Amino acid sequence: MSRTTQLAAPRRPTRQIHVGSVAVGGGAPVSVQSMTTTKTADVEGTLSQIYALASAGADIVRCTCNEEEAAEGLAHIVPRSPVPIVADVHFHHEMALAALDAGVQGLRLNPGNLRKPEEIRMVAAEARDRAIPIRVGVNAGSLHPELYKRYGGATPEALVESARMELALFAEVGFEDVKISVKASSVPLMIEAYRLAAATFDHPLHLGVTEAGPPPAGLVKATAGMATLLAEGIGDTIRYSLTADPVEEARAGRQLLEALGLRERKGLDLIACPSCGRAEIDVIGVAKAAQEALEDRKLPIQVAVMGCVVNGPGEAREADVGIAAGRHKGHLFIKGKIVRVVPEEEMVAALVEEAERLVAEGVEARLAAADAGAEAEAEADRRALLDARGDDANHAGEKVALIRRRAGHPHPER
Ligand code: SF4
């Protein structure tokens, strides 16, 4: 419902591949991926995690295929999954072939640890015949030792060369249905590697900061790397690699794309003021209560919680709906216009109710249903608060005057 400003940089043109029903690259919406943490042989456990990931925003889910039981699990999982499944394969090309037999919609191969050219060609030929795409998933931590030696470490050039060598093997069997990742746990290295990959290949790119770690640091690292590239138009599908419940990865992926205006808002965007000396409520507590009450309702709107009616409705006028605290009251507003005044203890409940009605009935209808007198009551509260606390609720002016007095400033009043 909220209008989103688009990023200035145009998306990098790439060829397009399809992971099942999800198009990747070639102007398709940037997709969100995550990976299950269950044993793939545990069909019901894995499916239940896949459903949770899909519901949190994942468009594609990857499962490990590390043993025969996992491949057999995939044969049961793929037909019942709500999203396309990619099999993650390391070391054993037989597992890639078994995953294809199981019906997966994509493969991920790591060139650093699946190294025999004849095996790579065999997998690519099989994927070609079944029209199944492969991600060439280069990883700085598992770079081929020869490349490590040749480039003196896991440099951007070494990572891109690893992908190029794999593509050359694929080309020998006429297979081109490929996306590429060049992940690293170092954010600057990952950014440079992807920039080089974007300049080298026209394949779609799968972004990620590998082994980013637990939140919040892991979230910050992954966001720093992926958002930088996305803002430059680079990246066609993304994955947060967090040491956390993978549902957090999917949710973060979706939220990043929505925040950058690359995907339409599907869920709630709760904004809240940072609070200050003017706050009439515990902003953190009310924002938390509103988040908890609203988050499972999947309302595609921006909701604001503001600490005071003096500045709140104006500062959050772009929000679809919000609440600002007055003197023991909550001032409910839609697009900055006050529509209702409620007792302080009913603020969260009133906000939730208005958010639901707004989505069901639309902005015009809810503005038309505004309480007569709400605007005037809010203005009276605003005036009273201004009179009580003046223009400088944080007493910044007094503090500045004190600093200047101590410093012997010649014009303390200025
Ligand atoms: S002035 Fe009001 S809305 Fe702005 S930060 Fe302070 S309490 Fe929040």
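Trainee: How many of the 11 residues of helix α15 are buried?
Mentor: Keep in mind that this is a predicted model. Helix α15 covers residues 396–406, and just after α15 glycine 408 takes a positive phi of about 70 degrees. The helix lies largely in the open, because the number of its residues that are buried is zero.

Trainee: What distance separates the centres of domain 1 and domain 2?
Mentor: Domain 1 takes in 17–259 and domain 2 takes in 269–389. Taken over C-alpha atoms, the centres of domain 1 and domain 2 are separated by 42 Å.

Trainee: Which strands are at the edges of the open sheet of eight strands?
Mentor: Follow the order, which is β8-β7-β6-β5-β4-β3-β10-β9, with parallel pairing. An edge strand pairs on one side only. That gives β8 (178–183) and β9 (206–207).

Trainee: What angle does the direction of α2 make with that of β5?
Mentor: Start with the strands: β4 (residues 60–64) runs parallel to β5, and four bridges join them. One of the pairs there is valine 61 with its bridge partner in β5, isoleucine 85. Helix α2 packs on the sheet and touches β4 and β5. Its direction and that of β5 make an angle of about 170 degrees.

Trainee: Moving to β6, what is the bridge partner of valine 89?
Mentor: β5 and β6 pair in the parallel sense, over four bridges. In β6, Gly106 and Arg108 point one way while Leu107 and Leu109 point the other way, and all are buried. The bridge partner of valine 89 in β6 is leucine 109.

Trainee: Which elements do the buried residues of α3 pack against?
Mentor: Helix α3 runs over residues 93–102, and its buried residues are Met95, Ala96, Ala98, Ala99, Leu100 and Ala102. Just after α3, glycine 103 takes a positive phi of about 100 degrees. The buried residues of α3 pack against α2 (68–80), β5 (85–89), β6 (106–109) and α4 (117–130).

Trainee: Why does alanine 75 count as partly exposed?
Mentor: Alanine 75 has its place in helix α2. Leaving aside neighbours within four places in sequence, alanine 75 is in contact with Ala102 and Gly103. A residue needs 20 or more C-beta neighbours within 10 Å to be buried, and 12 or fewer to be exposed. Alanine 75 is partly exposed because its count inside 10 Å is 15 C-beta neighbours.

Trainee: Is alanine 154 buried or exposed?
Mentor: Alanine 154 is found in the loop between α5 (145–151) and α6 (156–172). Not counting residues up to four places away in sequence, alanine 154 touches Ala140, Leu143, Tyr148, Leu159 and Ala184. It has 24 C-beta neighbours inside 10 Å, so alanine 154 counts as buried.

Trainee: Over to the sheet of five strands: why is one side of β11 and of β15 left without a neighbour?
Mentor: The order in this open sheet is β11-β12-β13-β14-β15, and the pairing is mixed. β11 (269–272) and β15 (337–343) stand at the edges, so the reason is that each has a single partner strand.

Trainee: Which residue in β12 stands opposite alanine 272?
Mentor: β11 and strand β12 (residues 302–306) pair in the parallel sense, over four bridges. Within β12, the residue opposite alanine 272 is valine 305.

Trainee: How many residues of the shell around the ligand are charged?
Mentor: The ligand is surrounded by 13 residues, and the closest are Cys273, Cys276, Ala279, Gly307 and Cys308. The shell divides into seven nonpolar and four polar residues, and the charged ones number two.

Note on methods: Residues are numbered from 1 along each chain as its sequence is written. This is a predicted model: local features need pLDDT of at least 70, side-chain atom pairs count only at pLDDT 80 or more; totals for chains, interfaces and linings use all residues. Two strands pair if DSSP finds at least two bridges between them. Helices (H or I, at least four residues) and strands (E, at least two) are DSSP runs, numbered from the N terminus. A residue is near a molecule or strand if its C-beta atom, placed from the backbone, lies within 6 Å of it. Ala, Val, Leu, Ile, Met, Phe, Trp, Tyr, Cys and Pro count as nonpolar, Asp, Glu, Lys and Arg as charged, and the others, Gly among them, as polar. Two residues are in contact if their C-beta atoms, placed from the backbone, lie within 7 Å. Domain bounds come from an automatic or database domain assignment. Axes are lines fitted to C-alpha atoms, for helices over the stretch in contact, and angles run from 0 to 180 degrees between N-to-C directions.
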